[in-house]
Amino acid sequence: QFAVEEVEVTTARVDLDSVVSHRAAFRSMADQASHETPLAEVHVKFRLCSTAEDCVPSDAISPHIHAPEEEIALGPACWLWDYLRRSRAAGYLLPLSGGADSSSTAAIVGSMCQLACTAARSDARVASDVRRLARLADNQPLPIPNKLAACVFTTLYLGTENSGVETRKRS
């Protein structure tokens, strides 16, 4: 569900006739369907599977449902990684104000680095992107997450009139 690797495309074989039959078994759906324009059939001169053996369904995959806290950490972390990878940017600059937004953003970048370093162990494309961002040669070992974060994440204090005395002292 959340990964820094390239997107995998999965095909599925669906018997649309059985779906229509199933829906027709419910009176309310049958009434709705009877008022709809029938869908046109499109015949093509190719098959998605070259042989019948290729069309054997795979085993069912049980979904992993993330807790809301995991989704908050993983979703934006994947977006940040995707942006770095596609834009070929060198990293992120975060002006720190001392507020919750700054700390949340730093935590999400930390999650991004953990995801990327874990994926880089088994995915050559991710490993290549991690090495580029960490400015490492191909023969150098991959960095650990906090070392990658040090390469891609720069912070500076940006005090505002709303910054408290404690925040100014810590800067």
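**Close-up views of helix packing in a predicted model**

**View 1. Helix 4 against helix 5.** Helix 4 and helix 5 (residues 124-134) pack with their axes 7 Å apart and at an angle of about 125°, where axes are lines fitted to C-alpha atoms, for helices over the stretch in contact, and angles run from 0 to 180 degrees between N-to-C directions. That angle makes helix 4 oblique to helix 5, given that angles under 35 degrees count as roughly parallel, over 145 as roughly antiparallel, 65 to 115 as roughly perpendicular and the rest as oblique. The crossing of helix 4 and helix 5 is left-handed, a label used if the near helix is turned anticlockwise from the far one by less than a right angle, with right-handed used if clockwise. In helix 4, Ala116, Ala119 and Ala120 meet Val126, Ala127 and Val130 of helix 5, contact being defined as heavy atoms within 4.5 Å. The residues of this contact of helix 4 with helix 5 comprise six nonpolar, no polar and no charged; Ala, Val, Leu, Ile, Met, Phe, Trp, Tyr, Cys and Pro count as nonpolar, Asp, Glu, Lys and Arg as charged, and the others, Gly among them, as polar.

The model is predicted, with local features needing pLDDT of at least 70 and side-chain atom pairs counting only at pLDDT 80 or more, whereas totals for chains, interfaces and linings use all residues. Residues are numbered from 1 along each chain as its sequence is written, and side-chain values use heavy atoms, with hydrogens and water left out.

**View 2. Helix 4 against helix 6.** The axes of helix 4 (residues 100-120) and helix 6 (residues 145-152) come within 8 Å and cross at roughly 120°, so the two helices are oblique to each other. The crossing of helix 4 and helix 6 is right-handed. On the helix 4 side, Met112, Cys113, Gln114, Ala116 and Cys117 meet Pro145, Leu148, Ala149 and Val152 of helix 6. By class, the contact of helix 4 with helix 6 has eight nonpolar, one polar and no charged residues.

**View 3. Helix 3 against helix 5.** Helix 3 (residues 68-87) packs with helix 5 at an angle of about 75°, their axes being 11 Å apart, and the pair is therefore roughly perpendicular. Trp81, Leu84 and Arg85 of helix 3 make the contact with Val126, Asp129, Val130, Arg132 and Leu133 of helix 5. The classes in the contact of helix 3 with helix 5 are five nonpolar, no polar and three charged residues.

**View 4. Leu96 in strand 1.** Leu96 lies in strand 1 (residues 92-96); helices (H or I, at least four residues) and strands (E, at least two) are DSSP runs, numbered from the N terminus. With a relative accessible area of 27%, Leu96 is partly exposed, where buried means under 20% relative accessible area, exposed over 50% and partly exposed in between (1.4 Å probe, protein chains only). Leu96 and Leu156 are 60 residues apart in sequence but 5.8 Å apart in space, C-alpha to C-alpha. Leaving aside neighbours within four places in sequence, Leu96 is in contact with Ser102, Thr155, Leu156, Tyr157 and Leu158.

**View 5. Cysteines.** A search of the whole structure finds zero disulfides, a disulfide being a pair of cysteine sulfur atoms within 2.5 Å. Cys151 is in no disulfide, and the nearest cysteine sulfur, that of Cys113, is 8.8 Å away. Cys151 counts as partly exposed at 26% relative accessibility, whereas Cys78, with a relative accessible area of 11%, is buried.
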